[in-house]
Amino acid sequence: MSDGIKHWKYSRVSSILLIPLTIWFVAFFSKTFGMQFEQVASSLSTPFNSFMMLIFITATIFHLQQGLQVIIEDYVYKRLWINLNVIFCGSLFIVSIISLGKLVFVGVL
């Protein structure tokens with residue numbers, strides 16, 4: 001299978017996966033809207049919500065990276081920009097996961 005077909009399939013799978021995850025995300029934050037930070041953090045630290053947030057973050061950033069790569073390949077296509085895209089999305093993922101992990105395992109200090 002060529003790289004273009006793999007990229008197309010990954011993009012479609014991530015977009016389909018993001019449909020129910022986005023519905024969960026909107027429902028979760030509409031339910032916790034207006035609560036104190038500590039209450040939202042404790043609600044997010046439950047196993048189901050933290051797992052759903054982990055999957056949501058992973059799928060969103062993967063979909064972002066795939067979409068930006070298509071734009072770069074179509075309009076710029078310089079290897080530097082593709083590498084910067086990977087570095088940016090990887091850094092965003094690491095920071096997001098560390099932040100979620102801090103909320104789940106350490107809690108609010």
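Analyst: Start with burial. Buried means under 20% relative accessible area, exposed means over 50%, and partly exposed lies in between (1.4 Å probe, protein chains only). The model is predicted, so local features need pLDDT of at least 70, side-chain atom pairs count only at pLDDT 80 or more, and totals for chains, interfaces and linings use all residues. Residues are numbered from 1 along each chain as its sequence is written, and side-chain values use heavy atoms, with hydrogens and water left out.

User: Why is Gln-69 called buried?

Analyst: Its relative accessibility is 17%, so Gln-69 falls under the cut-off and counts as buried. Gln-69 belongs to helix 3. Helices (H or I, at least four residues) and strands (E, at least two) are DSSP runs, numbered from the N terminus.

User: What does Gln-69 touch, beyond residues up to four places away in sequence?

Analyst: His-7 and Asn-85. Contact means heavy atoms within 4.5 Å.

User: And Gln-66: buried or exposed?

Analyst: Buried, because its relative accessibility is 6%. Gln-66 also sits in helix 3. With neighbours within four places set aside, Gln-66 is in contact with His-7 and Tyr-10.

User: What makes the pairing of Gln-66 with Gln-65 a polar contact?

Analyst: The distance and the atoms. A polar contact is a pair of N or O atoms within 3.5 Å; within protein, one must be able to donate a hydrogen and the other to accept it, and residues adjacent in sequence count only if both atoms are side-chain atoms. Here side chain meets side chain at 3.2 Å. The pair therefore qualifies.

User: Which residues form the nonpolar patch on the surface?

Analyst: Ile-71, Tyr-75, Val-76, Leu-80, Trp-81, Leu-84 and Ile-87, with about 770 Å² of accessible area together. That area comes from the Shrake-Rupley method with a 1.4 Å probe; for residues, only the protein chains shown count as cover.

User: Which helix gives the most to the patch?

Analyst: Helix 4, with four residues. Helix 3 (47-75) and helix 4 (79-106) each supply at least two.

User: What makes Tyr-77 stand out?

Analyst: Tyr-77 is not a glycine, yet its phi is positive, about 40°. Most residues other than glycine have a negative phi. Tyr-77 lies in the loop between helix 3 and helix 4. Its relative accessible area is 52%, so Tyr-77 is exposed.

User: Why are Phe-37 and Phe-105 called exposed?

Analyst: Phe-37 has 51% relative accessibility, so it passes the exposed cut-off. Phe-37 is in helix 2. Phe-105 has a relative accessible area of 73%, so it is exposed too. Phe-105 is in helix 4.

User: How does Asp-3 count?

Analyst: Asp-3 is exposed, because its relative accessibility is 64%. Asp-3 is placed in helix 1 (residues 3-31).

User: How do you know where confidence is highest and lowest?

Analyst: By pLDDT, the predictor's confidence in each residue, from 0 to 100. Helix 3 is highest at a mean of 95, and helix 2 (residues 37-44) is lowest at 90. The mean for the protein chain is 92, and 98% of its residues reach 70 or more.

Technical notes: Patch = residues over 30% accessible without salt bridge, like charges linked within 9 Å, V, L, I, M, F, W, Y side chains within 5 Å. Salt bridge = Lys/Arg side-chain N within 4 Å of Asp/Glu carboxyl O.
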